[in-house]
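Me: Could you walk me through one part of this model as if I'd never looked at a protein before? I'd like to start with a single side chain and then see what else goes on around the chains.

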Amino acid sequence: MKEIAISVENLTVRFGDSVVLNNINLNVFKGEILVILGGSGCGKSTLLKHMIGLYEPEKGRVIINGIDIINADENKLRELRKDIGVLFQSSALIGSMTVYENIALPLREYTGLSDDAIERLVRIKLAMVGLSGYEIYLPSELSGGMKKRAGIARAIALDPTILFFDEPSAGLDPITAAELDLLIKNINNGIGTTMVVVTHELESIFNIAHRVIMLEKEEKGIIAEGDPYILRKESKDPRVRNFFNRHIPEHLYQKT
Amino acid sequence: MSSNDFGFDIKGLAEAGLTVSLSGRLSVENFDKMLSFRGDIFSKYKPSSLVIDLKDVTYMDSAGALFLIEMEYESKKEGIPCEITNMTKEQRGLLELIDRDAYEKSFQVTKKAGLNFIEQIGHEFIKFLDDIKNIITFIGMMIIKIISSLFRLSSIRWNDVLTYMKKSGVDGLPIVGLISFLLGLIMAFMSSLQLKQFGANIYVPALVSIAMIKELGPIMTAIIVAGRTGSAFAAEIGTMKVNEEVDALIVMGFDPIKFLAVPRVFAVMFIMPFLTIFSDLFAIFGGFVVGVLGLDLTVHTYIQQTMKAIKIFDIITSLIKSVTFAVLIAGIGCHRGFEVKHSAEEVGTATTSAVVTALFIIILVDSMFAVVLSYI
């Protein structure tokens with residue numbers, strides 16, 4: 001049995017009157033790339049934000065490396081946060097800081113290393129994501145793909161064991177998106193980081209996923225789980241097959 | 001040695017070549033130690049060749065990888081062979097992740113120092129002149145658009161006008177009222193302390209009402225509206241710029257100034273005279289409270305004295321003033337908003353600047369009014 005890095009237990013999420021996710025159970029194993037997928041509005045990003053503890057769920061728990069992130073005290077949570085890196089959908093780089101300062105920020109906060117050491121570490125992070133030479137740029141001066149790279153560099157600044165990606169290739173051209181997929185795969189291969197990726201880009205899914213789970217809006221939960229190549233061919237659920245084969249459901253055809 | 005430490009064991013002779021056995025964690029928390037160790041190896045031992053043994057390393061992160069790369073780099077510089085042995089597959093993977101050519105490229109942490117002092121002064125001055133030009137251009141353009149929409153009243157977004165009237169007028173009334181009331185109270189009280197000595201308490205009502213209607217009413221209202229509404233306009237439009245909403249309007253064929261600025265300016269134009277009158281009334285009421293309770297003036301005397309002091313001409317000029325201020329405050333607020341390009345920081349700067357610029361120009365225009373009105 002593989003070691004479990006994250007486990008989500010009976011998670012129910014409610015916004016106002018509407019239940020978005022109902023009773024989700026899910027394990028993420030150490031070292032794997034798990035892709036959460038599904039159509040727009042099915043609660044992918046919501047699930048991710050609950051997994052990193054940004055939102056409090058209606059019911060259920062999320063356990064990361066043995067720590068219950070919903071009920072843990074402040075100190076434990078701080079320790080845990082060092083072990084987690086997140087790439088947000090819009091990269092979420094701090095706009096008033098240069099790329100260098102953005103990446104140095106968690107290093108300064110958590111390590112107490114000398115400025116010289118921090119400079120070296122930032123340099124190596126930039127060399128890892130292929131953004132060397134852009135350290136004095138402000139986020140607003142970077143292109144979308146470069147912002148994502150800088151976001152990844154910041155997310156891996158403390159060498160976390162778990163990385164979360166919220167739609168890493170959204171809004172990028174196919175080449176940049178493919179490069180980003182490669183980077184994600186390389187980091188996973190190289191450091192063995194556990195990764196949870198939210199995306200609906202089919203190309204990315206087939207490229208990087210070890211395992212996928214599919215969420216569905218009506219079901220408010222997981223409708224499929226497994227290897228994407230197998231799911232595409234063998235799933236009995238038409239919704240899953242349609243997703244992987246880019247089929248428009250038949251009832252929509254008749255309308256047009 | 002605890003399991004969290006970084007350790008090393010050095011074997012061999014410097015001349016014959018060193019074998020360095022590393023152990024423990026090659027990780028961020030030991031990075032400073034590793035760096036000083038690296039310095040020691042090359043300055044103290046001056047080895048003729050180097051073998052780095054990773055057999056006892058329990059954990060290595062990118063800081064560890066960096067350390068190894070720097071060891072190799074340094075050996076290359078010294079011209080000695082360096083070999084890393086017993087590397088696991090993961091450690092190799094991590095090392096391969098790093099683009100060494102890119103790492104060795106020059107690195108800049110801060111931007112090069114820009115202009116010298118005199119150049120900076122010049123730069124700022126040119127910016128200031130540009131800014132004045134831009135504001136004048138913008139307000140001129142806006143006035144043209146306002147006039148042109150007056151000919152086509154249906155082109156104005158009246159719903160927006162009403163919303164902004166509520167936001168900047170009705171919602172602002174309590175604070176305008178409170179501040180003016182206290183201002184009237186204080187003015188009456190302070191002046192009475194002086195006037196009492198001459199038995200001239202009877203002039204307090206005139207003092208409060210003239211000062212308020214001619215100067216302080218419009219100015220106080222303008223200051224509050226600049227702080228409440230001008231800043232809000234700058235922040236709203238600025239955020240819309242950041243979100244590309246303004247671009248979307250342009251693409252859809254809307255004129256952003258007509259769509260966003262004109263309704264706001266109209267709303268403030270309509271509401272400012274009312275706020276000013278309310279401000280006057282509240283201040284006179286403040287004076288009235290002091291006059292009646294503290295200065296032995298009767299209710300009747302106070303009102304009569306106030307009525308005698310107020311001239312219709314003063315009220316009209318004060319209203320004209322307040323409409324002028326309204327155009328300036330709303331115009332500058334919108335202009336600052338439109339100046340934002342794409343960052344959250346700029347929104348903050350625009351908001352601050354909207355208030356500061358509006359206050360500055362209000363005082364400027366008010367003094368112009370004072371001079372002009374004294375000749376009429």
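Is Lys77(B) buried or exposed?

Reply: Lys77(B) is exposed, at a relative accessible area of 61%. The scale works like this: buried is under 20% relative accessible area, exposed is over 50%, and partly exposed is in between, using a 1.4 Å probe and protein chains only.

Before going on, a word on how to read all this. This is a predicted model, where local features need pLDDT of at least 70 and side-chain atom pairs count only at pLDDT 80 or more, while totals for chains, interfaces and linings use all residues. Residues are numbered from 1 along each chain as its sequence is written, chains are lettered from A and ligands numbered from 1 in the order in which they are written, and side-chain values use heavy atoms, leaving out hydrogens and water.

Back to our lysine. Lys77(B) sits in helix H2 (residues 62-78) of chain B; helices (H or I, at least four residues) and strands (E, at least two) are DSSP runs, numbered from the N terminus.

Now for where the chains meet. On chain A, 28 residues are in contact (heavy atoms within 4.5 Å) with 31 residues of chain B. Together chain A and chain B bury about 2600 Å², and 66% of that is on carbon and sulfur atoms. On the chain A side, Arg120(A), Arg123(A) and Ile136(A) lose the most area to chain B, together 24% of what that side buries. Buried area here is the accessible area (1.4 Å probe) that two parts lose on being put together, summed over both.

Arg120(A) turns up again in a salt bridge with Glu70(B), at 2.6 Å from N to O. The rule asks for a side-chain nitrogen of Lys or Arg within 4 Å of a carboxyl oxygen of Asp or Glu, and across this interface of chain A and chain B it finds one such bridge.

What about inside the chains? Over all chains, the search finds 26 salt bridges. One of them joins Arg14(A) and Glu58(A) at 3.2 Å, N to O. Arg14(A) is in strand S1 (residues 4-15) of chain A and Glu58(A) in the loop between helix H1 (44-51) and strand S4 (59-64), so the pair links distant parts of the chain, 44 residues apart. Arg14(A) is partly exposed at 38%, and Glu58(A) is partly exposed too, at 47%.

Another bridge pairs Arg211(A) with Glu32(A), with their closest N and O atoms 2.8 Å apart. Arg211(A) lies in strand S9 (residues 211-216) of chain A and Glu32(A) in the loop between strand S2 (18-29) and strand S3 (33-37), so this bridge ties together parts 179 residues apart in sequence. Both Arg211(A) and Glu32(A) are buried.
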